[in-house]
Each structure stands twice: as C-alpha cells, then as structure tokens.
Amino acid sequence: MSTNTTSTDQSRSAAQLPIPFGPLLLVVLPNSGPVAGGNTVQLLGVGLSGATSVLFGTTPATIVSQDVLGLTVTIVVPANAAAGTVPVTVTTGGGTSNSVSYTYVDPSTPAPPTATSITPASGPVAGGIPFVIAGTNLNGGTVTVNGVPATVLGSDPTGILLFGIIPAGTAAGNVPVVVTTAAGTATVPGGYTYI
C-alpha cells in the first residue's frame, strides 16, 4: 500500500510542475534599425522552432530561416510608419511568445552632439587661443564661450573633434562652453577658465 501511495504522490507532484510549452523570446539582435525596414535581424529564444509568424507591433515580418533546435529565427524587419519602439512576438504551434522591444530609428534625423573635453581648458582673457573640443556628432557645430561665439575652423570627418579659436573674455574665471548643431546642443564638462 505504501509503495502505491508514494507512486501516486510522485505522479501528482510531477503533474503540478509548470512546464513551459509556448515559445520564449529573449532578444532581437540587433534591436534597432531604420524605419524603412528591410534589414535582417535574429530572434534568440527557446522553443522558437516551427515559427509561423513574427510580428513587429501588428506588422508581420518575413521569416528567412530558423534552426531546428528552436533557438534562433532569422527575419527581415518590416517597415514602420515612424521612429519608435514596438513589441516583437513570435508565434509557433505552441502559442505566442512574450514580447521584446525593437526600436525603429529615422536615419534622416541626425544624432545630437556630445562633448567630453576642451583642450586647452584655460587661457588668457584676451582669447585668441586655438582649441579642440572632443566628443561625437560635432560636424557643422558652432561654439559659444560664456555666450560669446567662438571662431570655428572646422571638424574632422568623423565628427569627434571640433577646432576653433577662443574669443576674448570679460574677466578671469570659469565659463561655460556650449556646442550647437542642427540636432541639439552639448555643454563641455568643466567649461573653460580665463586666467
């Protein structure tokens, strides 16, 4: 009797264990791309074999291939009406997965500038000192030092360096340095010190 009871209890316990039958989606690689779509990405997860549909929001993607182990699905991203983040889901014979995020970006919108340093960080109140600002997306930027426009000589092709001449100051002291492009502004950490 005790053997049968143990067997029954074990069967009952096993039946109560949560077994994930549906697909589990972990990540989209890469997780961003152009609003026009057409780029190829991979979905990584568990139980993805036999995927019949991949949705970006409510728009179906084109399934290119999937591995037999159900770990990856390669798809072509559909177009989206505008930049923004949408949920991605996969449907298989076992159901529909959880969603993960994918971000559409508009390549026609330039990235805002960032500024990490200015060299030299100090100079005479009379100005006239050449400077280099390091950062990103500095192409076409203008520079003000304490609100006074600096003479910008140009930037390198990658937009990580911006060259110019410090304008004259009104008094000794530390003042803000701001870079402005069509995409936004960036303040140089530490500013510039007139001495």
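The protein chain has one helix and 21 strands. The model is a predicted one. Of the 195 residues in the protein chain, 30% are buried.

**The chain as a whole**

- Among the contacts in the protein chain with a separation of 6 or more, 54% are made by residues 24 or more positions apart.
- The protein chain exposes about 10400 Å², and carbon and sulfur atoms supply 63% of that area.

**An open sheet of four strands**

- Four strands form an open sheet, arranged in the order S1-S3-S7-S6 with antiparallel pairing.
- The edges are taken by strand S1 (24-29) and strand S6 (62-66); each has a single partner strand, so one side of each is left without a neighbour in the sheet.
- From one strand to the next, the twist averages 30°.
- S6 and S7 run antiparallel and are joined by four bridges.
- Across from Val76 in S7 stands Thr62.

- Thr74 belongs to strand S7, which covers residues 72-76.
- The relative accessible area of Thr74 is 13%, which is under 20%, so Thr74 counts as buried.
- The side chain of Thr74 makes a polar contact of 3.4 Å with the side chain of Gln42.
- When neighbours within four places in sequence are left aside, Thr74 is in contact with Thr40, Val41, Gln42, Thr62, Ile63, Val64 and Ser65.

**Aromatic pairs**

- The count of aromatic pairs comes to three.
- In the pair of Phe56 and Tyr102, the ring centres are 5.1 Å apart and the planes stand at 80°; an angle over 60 degrees counts as edge-to-face, so this pair is edge-to-face.
- This pair links distant parts of the chain, since Phe56 lies in strand S4 (residues 53-56) and Tyr102 in strand S10 (residues 100-105), 46 residues apart.
- Phe56 is buried, with a relative accessible area of 1%, and Tyr102 also counts as buried, at 0% relative accessibility.
- The rings of Tyr192 and Tyr194 have their planes at 80° and their centres 5.3 Å apart, so this pair is edge-to-face.
- Tyr192 counts as buried at 0% relative accessibility, and Tyr194 is buried with a relative accessible area of 3%.
- One aromatic cluster is formed by Phe56, Tyr102 and Tyr104.

Notes. Residues numbered from 1 in each chain as written. Predicted model: local features only at pLDDT ≥ 70, side-chain atom pairs only at ≥ 80, totals over all residues. Heavy atoms only, no water. Helix = DSSP H or I, 4+ residues; strand = E, 2+ residues; numbered from the N terminus. Buried < 20%, exposed > 50% of the residue type's maximum accessible area, 1.4 Å probe, protein only. Polar contact = N/O pair within 3.5 Å; in protein donor to acceptor, adjacent residues only side chain to side chain. Contact = heavy atoms within 4.5 Å. Pairing = 2+ DSSP bridges. Axes fitted to C-alpha atoms, helices over the stretch in contact; angles between N-to-C directions. Areas by Shrake-Rupley, 256 points an atom, 1.4 Å probe, with all protein chains shown as cover. Phe/Tyr/Trp six-rings, centres within 6.5 Å; stacked < 30°, edge-to-face > 60°.
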